[in-house]
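Notebook, opened with the coordinates loaded. I wanted to look up charge pairs, the nonpolar core and a few loop residues.

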Amino acid sequence: MARRADFLAANAGKRAPMPGFVLLARDRADGEAAMRIGYTVTKKIGGAVVRNRLKRRLRALARELLPEAGLPGHDHVLIGRGDGVTRDFQLLRADLRKALAKVAR
């Protein structure tokens, strides 16, 4: 996802806050089964190096888990939190599984 309007629309969907990130998921209701993903990390988290590191971690998680556990026809947005940079990757993976299960309910 690249358009601001898509990110704002996803904000109206389901939320699953976790220690390292917040997952937003919104059903597009357009009949298309493709999943879309967007990432955002604010400047409050840190400088460009820290924000990019967190985005890389979030991308790796999404690449691994969304094909099997993502919601078809939904927009997914991962909003990075401060703990996401230092949190163990295995814990982040477990958190994303838990968040996807939560928004699927």
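Entry 1. I started with Arg36, which counts as partly exposed at 30% relative accessibility. The class limits I used are under 20% relative accessible area for buried, over 50% for exposed and partly exposed in between, with a 1.4 Å probe and protein chains only. The model is predicted, so I noted its limits: local features need pLDDT of at least 70, side-chain atom pairs count only at pLDDT 80 or more, and totals for chains, interfaces and linings use all residues. Residues are numbered from 1 along each chain as its sequence is written, and side-chain values use heavy atoms, with hydrogens and water left out.

Entry 2. I searched the whole structure for salt bridges and found eight. The criterion is a side-chain nitrogen of Lys or Arg within 4 Å of a carboxyl oxygen of Asp or Glu. Asp6 pairs with Arg36, and their closest N and O atoms are 3.6 Å apart. This pair links distant parts of the chain, with Asp6 in helix H1 (residues 4-10) and Arg36 in strand E3, 30 residues apart. Helices (H or I, at least four residues) and strands (E, at least two) are DSSP runs, numbered from the N terminus. Asp6 is buried, at a relative accessible area of 11%.

Entry 3. Which residue does the side chain of Arg36 meet in a salt bridge at 2.8 Å, N to O? I found Asp75 there. Arg36 lies in strand E3 and Asp75 in strand E4, so the pair ties together parts that are 39 residues apart in sequence.

Entry 4. Arg26 sits in strand E2 and Asp75 in strand E4 (residues 74-80), 49 residues apart. Arg26 is partly exposed, with a relative accessible area of 23%.

Entry 5. I looked next at the loop between E2 and E3, where Ala29 is found. Ala29 has a positive phi of about 55° although it is not a glycine. It counts as exposed at 67% relative accessibility. Gly31 is found in the loop between E2 and strand E3 (36-40) as well, and is exposed at 81% relative accessibility. I took the C-alpha separation of Gly31 and Gly73 and got 7.0 Å, for residues 42 apart along the chain.

Entry 6. I turned to the largest nonpolar core, which has 20 residues. Such a core is a set of buried Ala, Val, Leu, Ile, Met, Phe, Trp, Tyr and Cys residues joined through side-chain atoms within 4.5 Å. Phe21, Leu23, Leu58, Leu78, Leu96, Ala99 and Val103 touch the most other members. Strand E2 (21-27), H2 and helix H4 (89-104) each supply at least two residues of this core. H2 gives the largest share, six residues.

Entry 7. Last, I noted that Arg56 is found in helix H2 (residues 48-69).
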